[in-house]
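Let's take a walk through a protein structure together. Keep the sequence and the 3D view side by side as you read.

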Amino acid sequence: MNEDPHSKIASAAGRPEFEIEPSDAISIGDVERPLSLVERVVYNESVQRLTVLVVLIAVWELYARWLSNSLLFPTFSETVRTFWGDISNGVLIDRTFTSLRTLALGYGLGLALAALFTTFAVASGVGTRILSTLTAMFNPLPAIALLPLALIWFGLGTPSLVFVIIHSVLWAVALNTLSGFRSVPETLRMSGRNIGLKGARYVGLILIPAAFPSILAGLKIGWAFAWRTLVAAELVFGVSSRSGGIGWYIFEARNDLDTATVFSGLLTVILIGLFVESVIFRALEARTVNLWGMQR
Amino acid sequence: MPPVLLEVNGVTLQYKTPRHLVTATYQVDFSVHQGDRYIILGPSGCGKSTLLKAVGGFMPPVEGSIRIRGREVDAPGPDRMMVFQEFEQLMPWKTVYQNVLFPMKVTRKFTRAEALARTETAIEKVKLTKFRDVYPHMLSGGMKMRVAIARAMALEPDILLMDEPFAALDAITRRAMQQDLLALWDQLHFTVLFVTHSIQEAILVGSRILVLSPHPGRVRAELDASKLDFSNVDMPEFGAMSKRIHNLLFGDEHHRAGSHKEATH
């Protein structure tokens, strides 16, 4: 082919120009149509999650029946029976509430301390570096590893539990909040300062909402750490004062070789975890970061 | 002649990067009168955005002074509302309505009833009434920019500071936004200080144009563009002005072909 530029112009100029009206698009039917019932059911997130649960339960039940050894691996139905039994006689509810009370106290104090630490940290560059160093030091330290120390300092009881929970919550939340604050876009900061916002009002009205996706992630991680730490700590030092928590419930059942009750305790731990994650935090996300388009 | 609103006298601006001390502008003088559409025009890196930030109160000058209505600028304040190029300037956790209302609520410049009424009017002026309860992430770039402009104007600042507000928009939207801004100005005659690197935008939008030299920014010229707008884009005087600015900016390096492309889109 001859690469003469004039021939290219000639070929572009030689073809006829045209203008037309847009054609009628009615022939493909509605431009927008609702999905059919089957499509909606299949794409529904909770339906998908439920399917996973049902399959897991079926596998559990079938395997346990095949094994037929309730000391090693009780069936799902037996676990559920024990679970209901302990709920109706109040033991499990009592244990769960003991755990949740301690958890709420530790989680709350941990959050308050994290808020205090990050407020100091954002106030100055030095503060940021101090907090970064502290979180880098303490975040990888397992809370359970502090339990012996807690026992020496605070003795056998709720204060020790609260101490290890605070440790597990504080650094995770502080780390996330601080990194959230630091990633707030400069333009957004400037438009806040532009209207004269300073100090606590600036943090409360601009930084916290702008960093909310990170803060929420921190709250979720902190909650999971706290719950895990609490159950484990209760297992280690068992009953405090008169009533033990859910960890103690599991530990007691193990001593009695009552595996179905161990399973029912584990089931409770899982159910509470699922509830907090997929009901409480899910609702919080839907009302905030999802609504604002800051997270899908 | 309308009164002088903003006086910039011998302003030198410097900022530090981790490795350098950069002089952004050197002894810049200019004054903006009430009702001006005052453009700061210059090539990339001439310190024009830094100059705007200094007027906004985000950066103290190393020498010289910035006065608004005779009062020294020493901190950011709602009398100088900024409109940025980035869409992140809107608060993603607030609807269009709440975004526009927010500065009036914070500054308490107006009573509550007044603020609500002004919010409605401002949203209507930028033609977003249908989208008032929508969150910013649902809006297009042009719409977000209109919200930012409505938010700034609703507060009725002494001067509107716009930092290349339309640079991130596509060419068609940018043109519409320029026309809308001029239409708003025709109604309200607000004072605006507008930074751009586009010669065409400077002539279309501006009534006065301050031309800055490349790095560090020094004043090269101040021109009157009040008679040039969309109605005479094709006229020879528009082309002549464009050429004049072009020579001011790039005259000394005219032989370098293609170097002007960046500044003329």
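Just after helix α9 of chain A, G196(A) takes a positive phi of about 85°. Keep in mind that this is a predicted model.

Now step back into the helix itself, α9(A), which covers residues 186–194. Which of its residues are buried? They are L188(A), S191(A), G192(A) and N194(A). Looking down the axis of α9(A), you would find these buried residues within an arc of 160°, so they line one face of the helix. The background is simple: an α-helix has 3.6 residues a turn, so residues three or four places apart point the same way.

Chain B gives 20 residues to the contact and chain A gives 15 residues. On the chain B side, β6 (80–83) and α2 (96–107) each supply at least two residues.

Finally, look inside. The largest nonpolar core has 76 residues, and L41(B), A150(B) and L193(B) have the most contacts within it. Helix α4 of chain B (residues 141–154) provides the largest share of this core, 8 residues. A second, separate core holds 58 residues, including L146(A), L175(A), I215(A) and M294(A). As for L41(B), the residues it touches include T196(B), I199(B), L210(B) and I245(B).

Terms used
Residues are numbered from 1 along each chain as its sequence is written. Chains are lettered from A and ligands numbered from 1 in the order in which they are written. This is a predicted model: local features need pLDDT of at least 70, side-chain atom pairs count only at pLDDT 80 or more; totals for chains, interfaces and linings use all residues. A nonpolar core is a set of buried Ala, Val, Leu, Ile, Met, Phe, Trp, Tyr and Cys residues joined through C-beta atoms within 7 Å. A residue is buried if 20 or more other C-beta atoms lie within 10 Å of its own, exposed if 12 or fewer, and partly exposed in between; C-beta atoms are placed from the backbone. Helices (H or I, at least four residues) and strands (E, at least two) are DSSP runs, numbered from the N terminus. Two residues are in contact if their C-beta atoms, placed from the backbone, lie within 7 Å. The arc is that of the directions from the helix axis to the C-beta atoms.
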